[in-house]
Amino acid sequence: MINRSGAQLVFVALGCPKQERWMAAMKGKIQAAMIGIGGALPMMVGLQSKAPNWMRASGLEWVYRFMLEPRRLFKRYAVTNSTYIWLVTRAMLQPKARANA
């Protein structure tokens, strides 16, 4: 149906990681660019509340979201983000490989 519609852009709002898995499975099957927008759509249409302006301006919107859904977001924030920070830090601290080596 998507291909027949002539759509050139498909917004996928299934949330992470479900939308990434779906887009990977559809690669080559859907002849359109796919963009994962996660939780942006429910916020845009008013189904999910936004953090207060001061929290958004301070970069603390993640704290607001975590307070609303701690069970769902704990693993993402505590485990996944910590793993990412560890890997980036380790990569930055490793000596650079010689260009001619």
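Modeller: Strands are DSSP runs of E with at least two residues, helices are runs of H or I with at least four, and both are numbered from the N terminus. This is a predicted model, in which local features need pLDDT of at least 70 and side-chain atom pairs count only at pLDDT 80 or more, whereas totals for chains, interfaces and linings use all residues. Residues are numbered from 1 along each chain as its sequence is written, and side-chain values use heavy atoms, with hydrogens and water left out.

Val10 and Val12 also belong to the largest nonpolar core, whose 6 residues include Met23, Met26, Ile30 and Ala32 as well; such a core is a set of buried Ala, Val, Leu, Ile, Met, Phe, Trp, Tyr and Cys residues joined through side-chain atoms within 4.5 Å. At least two residues of this core come from each of E1 (9-12) and helix H2 (18-26). Met23, when its neighbours within four places in sequence are left aside, is in contact with Val12, Met34, Ile35 and Gly36, contact meaning heavy atoms within 4.5 Å.

E1 pairs with strand E2 (residues 33-36) in the parallel sense over 4 bridges, where pairing requires that DSSP finds at least two bridges between the strands. In E2, Ile35 stands opposite Phe11.

Technical notes:
Buried < 20%, exposed > 50% of the residue type's maximum accessible area, 1.4 Å probe, protein only.
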